[in-house]
Amino acid sequence: MIVVFGGNGQLGRELVRAAGERNVPLTALAHANVDIVDGAAVAAAIAHHRPLLVVNAAGYTRVDPAESNIAQAERGNTLGPATVAAACAEASVPLVHISTDYVFDGGKLGAYVETDPVRPLSVYGRTKADGEEAVRSAQPHHVILRTAWLYSEFGENFLKTMLRLAATREELRVVADQHGSPTSARTLAEAILRIAPRLRYEGDAWGTFHFTADGVTTWHGFASRVIAAAAPITGRHPGVMAIATADYPTLARRPSNSCLDCRLFARTFGFSAPHWTLEVDRTARTLAAAAPESLGGARADRVA
Ligand SMILES: NC(=O)c1ccc[n+]([C@@H]2O[C@H](COP(=O)([O-])OP(=O)(O)OC[C@H]3O[C@@H](n4cnc5c(N)ncnc54)[C@H](OP(=O)(O)O)[C@@H]3O)[C@@H](O)[C@H]2O)c1
């Protein structure tokens, strides 16, 4: 049995789907079921379900609002992970915890490796970096997976924002000087289930790993790919104009280089994620063919 905290988020819902497809026993607990800062509730959930593995997919992921909601960001991204890690250690259960490229400042030439020093630019990034440290010190039997630019058919994300805006606008202006790897939450969920059997408590594959889709693009490249994949279905071909970060000021600063070197994960677990275009195309087509309501009221990060 795997227990997931944050079970109603993008990754949580993809874990539920992936587990269902593979007949893997998994219980996903939403925020409404368990608040991860509530140590008694977390411990009770672990005692009740007796999992072989806990996945913490919960987090405060609103990057710009975090700049002013600092206490909330610290709850979700630092205190919560510390609480989950302590409960896992107490119950001798290994923990998979999810972190982010935003722990880095983006100043490196080339992809970040796991041992590069963190230097977050935002409250979100700082609270996530602190959460990593809290996990490391509370539960040595952990896998911290840093990922980037997550999207999914579920929840709020950049891909859905692009499809929603493309339905009504003739031109989208999208940031073209931030580089990263759009990563499907579905791919990440499948990877977590694939490595789960390796994560027995007496195992040795612990530590921090980078896991993103293969290949690199910009938010502009990501948006262009989404629009092109959906266009044969939607009939919508808005122009996608490249703009600079300076043309689209946001509350939180973001790294210009979010590229993560994923070779340690591949060496350790024996596989890596496919190229980012494959899942972007598939997800964009699936959503384009679905009802417009499925696009929801998504976030407008990095699009003007
Ligand atoms: N999204 C990205 O682009 C991205 C990139 C890199 C890394 N990550 C990391 O990947 C992980 C999963 O991200 P995601 O995109 O799936 O996030 P998401 O869709 O925002 O889901 C996060 C979930 O965590 C829940 N949550 C927040 N605070 C909680 C608390 N105190 N107790 C219990 N649940 C809580 C949220 O519930 P409510 O909505 O009810 O608060 C939400 O259901 C996070 O750790 C995130 O930092 C995300």
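This is a predicted model: local features need pLDDT of at least 70, side-chain atom pairs count only at pLDDT 80 or more; totals for chains, interfaces and linings use all residues.
Me: What about L11 and T61, at what distances do they lie from a ligand oxygen?
Reply: For L11, a polar backbone atom is 2.9 Å from an oxygen atom of the ligand. For T61, a polar side-chain atom is 2.6 Å from an oxygen atom of the ligand.

Me: Which residues come nearest to the ligand?
Reply: Q10, L11, T61, Y124 and K128 do, out of 21 residues around the ligand.

Me: Which element gives the largest share of that shell?
Reply: Strand β4 does, with three residues. At least two shell residues each come from α1 (10-22), β4 (95-100) and α4 (123-138).

Me: How many of the shell residues are nonpolar, polar and charged?
Reply: The shell has 10 nonpolar, nine polar and two charged residues.

Me: Changing topic to N56: where does it lie?
Reply: N56 is part of strand β3, which covers residues 53-56.

Me: Is N56 buried or exposed, and why?
Reply: N56 counts as buried because its relative accessibility is 0%, and the cut-off for buried is under 20%.

Me: What does the side chain of N56 reach?
Reply: The N56 side chain reaches the backbone nitrogen of A58 at 3.2 Å. The side chains of N56 and H97 are also joined by a polar contact of 3.1 Å.

Me: Which residues does N56 touch, leaving out those up to four places away in sequence?
Reply: N56 touches F5, I36, P81, V84, L95, V96, H97 and I98.

Technical notes: Residues are numbered from 1 along each chain as its sequence is written. Side-chain values use heavy atoms; hydrogens and water are left out. A residue is near a molecule or strand if one of its heavy atoms lies within 4 Å of it. A polar contact is a pair of N or O atoms within 3.5 Å; within protein, one must be able to donate a hydrogen and the other to accept it, and residues adjacent in sequence count only if both atoms are side-chain atoms. Helices (H or I, at least four residues) and strands (E, at least two) are DSSP runs, numbered from the N terminus. Ala, Val, Leu, Ile, Met, Phe, Trp, Tyr, Cys and Pro count as nonpolar, Asp, Glu, Lys and Arg as charged, and the others, Gly among them, as polar. Buried means under 20% relative accessible area, exposed over 50%, partly exposed in between (1.4 Å probe, protein chains only). Contact means heavy atoms within 4.5 Å.
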